[in-house]
Amino acid sequence: MQEGRDCARAPLMELMQLVIGGLANGCIYGLVALGFVLIYKASEGVNFAQGDMMMLGAFIALGLGNADELGLPFGIAVIGAMAIMFVLSWGVERVVVRQIFGQPQFALVILTIAMGFVFRFVAGSIWGYSPLVLETPFAGQNLRAGGIVVGLADLVTIGVTILLTLGLWAFFAFTRIGLAAQAASQNQMAAYIVGVPVMRVNSLIWGLSGAVATVAGVLYATKGAIDPNIGLLGIKAFAAAVIGGLGSLPGALLGGLIIGVVEPIAGRYAPGELAKMSPYIIMLVVLVARPGGLFAQIQMKKV
Amino acid sequence: MSLLEVKDLAVHFGGVKAVDGVSFDVSPGEVFAIIGPNGAGKSTIFNLISRIYEPTRGTLRFDGKDITGLKAHDIARLGIARTFQNIELFDHSTVLDNLLMGRHTHRATNFIQDILFLPKVRREERAHRLRVEEVIEFLELEAYRTKMIAGLPYGVRKVVEIGRALAIGPKLILLDEPASGLSVEETQDVAFWIEDMRRDMGLTVLMVEHDMSLVNQVSDRVLAVANGKPLAMGTPSEVQADPQVQAAYLGTAVEDAA
């Protein structure tokens, strides 16, 4: 009898298990997608190095924190990596991106693809190309609740993502700088004439997106080994950002969560390689049904 | 002393001399209009004063200070506000938020204070909202306070832009074709507002305008420009009587009809 009941419960348990793991993965896609949206708002273009910024952030945290490297305490290593990536991304905007201001959008696309390669080779030449493990306080720890096993890393990922999202929301909704950034993303000319230093705000947003990418990278690294090519996850996160509407922070997060949850479920129940295709299939469906994304900010209605 | 001094201002884009040797002074409390045919360089003069364009030659002084080397985002803080011919608003925000954005340079709180919403932030926020409500009342925008810009009719958006400029709390307001696209009644409202800005708010107004009835009604002095060069300056009737001005206008009138 006991066995029979377990069998009846098993499919639901399995689904729950997949959903929780998927949510945690989705948070990471969502955080990288947030980076896409931040920069899309600041520089009116897509930063295809966003995934590589995530990768570099993770490696810097590893370089600062792992025992055989600098060996700093985990928390300090993460904050240090965020600070370094903030300054690096801020500098990239100041020195490189600003030079192509006013050029067509594809200029930024090509530039950031090239930048992504540079980041990959920089990480590769410092840390090599074989997978490394970031030492974290919560590696391999699991929590059990009613037959479901949840990795502590997954819970931390979900919690950190919620906190960071609330923080970013408060920043944009309430602070003078956040409001200025919103204004600049809506209309640069108007922002200038009310006194917003648009260029300076854009650099700051790049810095912010570097720091967010680092958080995503560290969370990614809590779940497995990292190598310089993990930045390719950025393509999936880009799909998440497009699903959300590319201009919307909550949309990006939602897009990430959708992809994160659908992927493992498709992997379990759908045939063949459908799981790997699922992010892009969802993106195509959303683009056909709602060309502006789920949280479209651009009104299609013309007067 | 003049509030705004423009001396020998010029900007050349490649071989095109968009503005070429324009000089004028605007006194405090004056309503000064710049007129001229399309492409005469009127809006370009505004973009030079707002520091959006870099002048090839010449100087700009405001309130006794040389502003030629300043950046576009420094201008609001000095007390110069403007509107645009093609309306530049924050389209995905409400009317209220657009006007509040005009208070940006008056906000002195920092990031941490903002996040914690300290008493100082609350006090400041109240003061800004009061100031903005005054503007809303003045321009009769009450009905649109919480409406998104993107869905508003053209005439209302034009008024909102004037409102945002007033929310900046300027000494000098630049109005780029405030009457274009407006009905006769709406244009009459604009005329009253300009008179009130001068009389009740002590503002100095510099405007670019095609509607000669509005120009005649509100301006103290008029500068006529054509092909980037000054043609005549004086009272509205003096300038309209100028043969050079008449020739420039007849020329465009023929072009417009064609």
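Of the 258 residues of chain B, 41% count as buried. The model is a predicted one.

Consider the overall build of chain B. Its secondary structure comes to ten helices and ten strands. The C-alpha trace spans about 65 × 40 × 35 Å along its principal axes. How does the radius of gyration of chain B agree with that of a compact globule? For 258 residues, a compact globule would have a radius of gyration near 18 Å, and chain B has 19 Å, which agrees. Contacts within the chain also reach along the sequence. Among those in chain B between residues at least 6 apart, 66% join residues at least 24 apart.

Domain 1 of chain B covers 14-79 + 170-258. Domain 2 of chain B covers 93-152 + 160-167. The C-alpha centres of these two domains lie 28 Å apart. Where they meet, six residues of domain 1 of chain B are in contact with four residues of domain 2 of chain B. By class, the domain 1 side of this contact has five nonpolar, no polar and one charged residues.

Now for the sheets of chain B. Strands of a sheet pair through backbone hydrogen bonds, either parallel or antiparallel. One open sheet has four strands in the order S2-S1-S4-S5 (chain B), with antiparallel pairing. Which strands stand at its edges? They are strand S2 (16-26) and strand S5 (65-66) of chain B. Each has a single partner strand, so one side of each is left without a neighbour in the sheet. Strand S1 (residues 4-13) of chain B pairs with S2(B) in the antiparallel sense over eight bridges. Within that pairing, Leu4(B) has Val26(B) in S2(B) as its bridge partner. A helix packs on this sheet. Helix H1 (residues 42-49) of chain B touches S1, S2 and strand S4 (57-62) of chain B. The direction of H1(B) makes about 70° with that of S2(B).

A further open sheet is built from six strands. Their order is S6-S7-S8-S3-S9-S10 (chain B), and the pairing is mixed. Strand S6 (80-82) and S10 of chain B stand at the edges. Each of these has a single partner strand, so one side of each is left without a neighbour in the sheet. Neighbouring strands of this sheet are turned by 15° against each other on average, direction ignored.

S9 (residues 221-226) of chain B is mostly covered, with five of its six residues buried. Strand S3 (residues 31-35) of chain B pairs with S9(B) in the parallel sense over four bridges. Phe32(B) stands opposite Arg221(B) in S9(B). Ile34(B) has Leu223(B) in S9(B) as its bridge partner. Then comes strand S10 (residues 229-234) of chain B, which pairs with S9(B) in the antiparallel sense over five bridges. Here Val225(B) stands opposite Pro230(B) in S10(B). S9(B) and S10(B) form a hairpin with two residues between the strands. In this hairpin, Asn227(B) takes a positive phi near 50°.

Chain A is next. There are eleven helices and two strands in this chain. From the N terminus on, its elements run α-α-α-α-β-β-α-α-α-α-α-α-α. The radius of gyration of chain A is 20 Å, close to the 19 Å that the globule rule gives for 303 residues, so chain A is as compact as a globular protein of that length. Its C-alpha trace spans about 75 × 55 × 35 Å along its principal axes. Of the 303 residues of chain A, 49% count as buried. Among contacts in chain A between residues at least 6 apart in sequence, 75% join residues at least 24 apart.

Finally, the two chains meet. The contact takes 20 residues from chain A and 25 residues from chain B. On the chain A side, helix H5 (152-174), helix H6 (176-186) and helix H7 (188-193) of chain A each supply at least two residues. H6(A) gives the most to that side, with five residues. The residues of the chain A side divide into 13 nonpolar, six polar and one charged.

Note on methods: Residues are numbered from 1 along each chain as its sequence is written. Chains are lettered from A and ligands numbered from 1 in the order in which they are written. This is a predicted model: local features need pLDDT of at least 70, side-chain atom pairs count only at pLDDT 80 or more; totals for chains, interfaces and linings use all residues. A residue is buried if 20 or more other C-beta atoms lie within 10 Å of its own, exposed if 12 or fewer, and partly exposed in between; C-beta atoms are placed from the backbone. Two strands pair if DSSP finds at least two bridges between them. Domain bounds come from an automatic or database domain assignment. Two residues are in contact if their C-beta atoms, placed from the backbone, lie within 7 Å. Ala, Val, Leu, Ile, Met, Phe, Trp, Tyr, Cys and Pro count as nonpolar, Asp, Glu, Lys and Arg as charged, and the others, Gly among them, as polar. The radius of gyration is taken over C-alpha atoms; the globule rule is 2.2 Å times the number of residues to the power 0.38. Axes are lines fitted to C-alpha atoms, for helices over the stretch in contact, and angles run from 0 to 180 degrees between N-to-C directions.
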